[in-house]
Amino acid sequence: ELLDRGAGKIRTELRGEPLVRAELLNTMGMAYSGLGLYEPALALTAEALAERTQRLGRYHESTLRSQIAHARVLYQSAEYERSAAAFREAIEMGGRVHPDGSLDNVRASLGLADVLTFDGDPAEAERLYRAGLRSLEALPGDTGRDRVFALSGLATSLYFQSRLDEAARSFGQALELGTEVLGEDHPKVAETVNNLGSIAYQSG
């Protein structure tokens with residue numbers, strides 16, 4: 001209810017500041033998505049994307065981030081075909097916006113890998129995860145959080161290829177880095193511990 005009121009206020013009170021409104025709508029959409037409320041999340045991220053595309057053009061870094069956010073919510077909604085198309089579009093946009101590469105470019109590629117892992121092409125997902133991890137290591141700045149999620153995604157793609165030993169190694173790397181970067185109480189760390197336990201059980 002608080003989020004609903006906040007989204008309504010953003011729409012009405014920021015009519016004269018469309019780019020500020022788009023930024024806040026995008027943020028609200030991701031908040032809804034984090035709560036599992038995907039229908040309003042999709043509406044908000046789509047609205048933000050449309051606003052930025054109209055005001056800034058398709059090939060702008062803010063439009064690119066809205067495209068990635070909308071693709072991510074589609075993935076979380078299990079709309080895999082639409083999400084894959086949206087991430088591919090983001091990859092194309094990123095190549096124009098940041099021809100020398102950027103964190104947003106890598107995130108678009110890793111987002112597509114996430115979709116492919118659960119939509120029947122874990123081998124291609126593995127390729128994208130490995131390329132993404134190499135890119136993250138080469139980028140300046142702190143990319144630790146992104147590397148944790150990429151390692152976990154890589155492990156999952158290996159698991160779906162029945163390569164349990166390799167999956168366990170990647171989950172182990174994700175756990176070590178995740179504990180350092182995110183903290184031992186982070187949900188991603190707990191999820192990784194559970195995944196390692198599941199592999200250990202299956203491996204006997």
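Which residues of helix 5 are buried?

**Figure 1. Overall fold of the predicted model.** The protein comprises 10 helices and 0 strands (DSSP runs numbered from the N terminus, with H or I over at least four residues for helices and E over at least two for strands). The radius of gyration, taken over C-alpha atoms, is 18 Å, close to the 17 Å that the globule rule (2.2 Å times the number of residues to the power 0.38) gives for 204 residues, so the protein is as compact as a globular protein of that length. Its C-alpha atoms fill a box of roughly 60 × 40 × 30 Å along the principal axes.

**Figure 2. Helix 5, residues 80-97.** This helix of 18 residues reaches 25 Å from its first C-alpha to its last, close to the expected 26 Å (1.5 Å times one less than its number of residues).

**Figure 3. Buried residues of helix 5.** Ser83, Ala84, Ala86, Phe87, Ala90, Met93, Gly94 and Val97 are buried (under 20% relative accessible area, with a 1.4 Å probe and protein chains only). These residues pack against helix 4 (61-76) and helix 6 (103-118), where contact means heavy atoms within 4.5 Å. Across the 204 residues of the protein, 42% count as buried.

**Notes.** Residues are numbered from 1 along each chain as its sequence is written, and side-chain values use heavy atoms, without hydrogens and water. In this predicted model, local features need pLDDT of at least 70 and side-chain atom pairs count only at pLDDT 80 or more, whereas totals for chains, interfaces and linings use all residues.

Technical notes: Buried < 20%, exposed > 50% of the residue type's maximum accessible area, 1.4 Å probe, protein only.
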